[in-house]
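Please look at the model before reading on.

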Amino acid sequence: MLTIFRALLLAALLGAGWGPAAAGSASPWGGNYFPNLPVVTQDGKTLRFYDDVIKGKVVVISFIYTSCPDVCPLTTARLALAADQLGDTLGRDVFFVSMTVDPETDTPARLKTYAEAFTSNPGWLFLTGKPEDMRAINSKFGNRSPLLAEHKMEIVLGNDATGDWQRGTPFGEIASLVFDIRGMSPRLSAAQASANSDGNEPVIISRNPGETLFRKLCTPCHTVGVGNRVGPDLFGVASRRTPDWLASFIMSPGKMRRSGDPVALALDKKFPGVKMPELGLSANDANDLIVYLKAATERVEAAKDSLPAIPPHDPKTHTHAKASAAPVTNWPDPP
Ligand code: HEC
């Protein structure tokens, strides 16, 4: 796991971008490429994979399983950051689709609990189905390994109408991911060209190693002083836990839960949708992160009085969809 994350981190820091999904200029991924098999959403609705999910749409497809201890929650959390930036264009101009690679375990109900930890946007589907159907669909995206841990960490970005398909990574800058997603939609790319610096993230300059790690691996799920996100606000965490506990938890939260650590179990209960992932971090990494968390807490404390109030991110209430009057999803109702 350590090596996978090192590789991801390296790729992210080197600015890995999008590549063509298929060789050649004309994409072979047309209507006949994707099987039109039934799939079931997190709300228990049955859809046809090609006709209802892909046809004519701009889609961002990821591959996950809910019991995934490491990469999937991070991928999903990073996509949720992109979803926030896309606002109500998600569900109208662009659609997110998270496909389970573990349909035996991932029932619609399980996917629903998982989805709710990250999003409430109806333009983001979490799909399961009959194991043989899901295998047939996932294999079209290159997911052919029977081993769950070997499933693809890439995401696939496509515009079915134009036949433009690309593979990419969710581990680069969120702003450039959003830029690439908007670029797939003629309408959004036109709007993007006329607005100039919408939603740009600051370029990551390694001020200290803990901060770089934190921004890459932790900010999708945590803030320091801005409230709970997918996981708890880490403001002051270094004073509410012992250094040993923090280091052990950051290195292997799963081990802590398995050993019956009461704090780890209580946190798990409080955040039921997703567990803190195993990020393959070393003792040095954990130490760098703790140093950073302390410094960030002090910065927030110092700035507290001068900071404008920012509402905490709560995926259950934070929905762009609800704010707009018109229904923003056009997933069809099943016949
Ligand atoms: C995919 C989301 C996700 C990512 C990424 C993530 N965490 Fe967490 N984290 C959680 C959740 C959820 C919890 C609550 C405990 C649980 O459910 O396992 C948590 C709990 C914690 C806690 C315990 C907080 C407390 O109050 O004691 C610490 C510390 C922590 N995370 C640090 C980190 C650090 C450091 C990183 C980056 C290296 C990170 N987390 C990355 C989701 C995440």
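Contact means heavy atoms within 4.5 Å. The model is predicted.

Q: Leaving aside neighbours within four places in sequence, with which residues is Thr76 in contact?
A: Thr76 is found in helix H3. With neighbours within four places in sequence left aside, the residues in contact with Thr76 are Ile64, Tyr114, Phe118, Trp124 and Phe126.

Q: Is Thr76 buried or exposed?
A: The relative accessible area of Thr76 is 1%. Buried means under 20%. Thr76 is therefore buried.

Q: Which cavity does the ligand take up?
A: The shell around the ligand has 28 residues, and the closest include Cys218 and Cys221. The space that the ligand takes is the largest cavity.

Q: Which helix gives the most to the shell around the ligand?
A: The elements that give two or more residues to this shell are helices H3 (71–86), H8 (209–218), H9 (237–240), H10 (243–251) and H12 (262–270). The one that gives the most, with four residues, is H10.

Q: What distance separates a polar side-chain atom of His222 from a nitrogen atom of the ligand?
A: His222 is among the closest residues to the ligand. A polar side-chain atom of Arg240 lies 2.9 Å from an oxygen atom of the ligand, and a backbone N or O atom of Met276 lies 3.0 Å from an oxygen atom of the ligand. For the polar side-chain atom of His222 and a ligand nitrogen atom, the distance is 2.7 Å.

Definitions and conventions:
Residues are numbered from 1 along each chain as its sequence is written. This is a predicted model: local features need pLDDT of at least 70, side-chain atom pairs count only at pLDDT 80 or more; totals for chains, interfaces and linings use all residues. Side-chain values use heavy atoms; hydrogens and water are left out. A residue is near a molecule or strand if one of its heavy atoms lies within 4 Å of it. A polar contact is a pair of N or O atoms within 3.5 Å; within protein, one must be able to donate a hydrogen and the other to accept it, and residues adjacent in sequence count only if both atoms are side-chain atoms. On a 1 Å grid over the protein atoms alone, a cavity is a set of points where a 1.4 Å probe fits but cannot get out, and a pocket is an open set with protein on both sides within 12 Å along at least five of seven lines; lining residues have an atom within 4 Å of a point. A molecule sits in a cavity or pocket if more than half of its atoms lie within 2 Å of its grid points. Buried means under 20% relative accessible area, exposed over 50%, partly exposed in between (1.4 Å probe, protein chains only).
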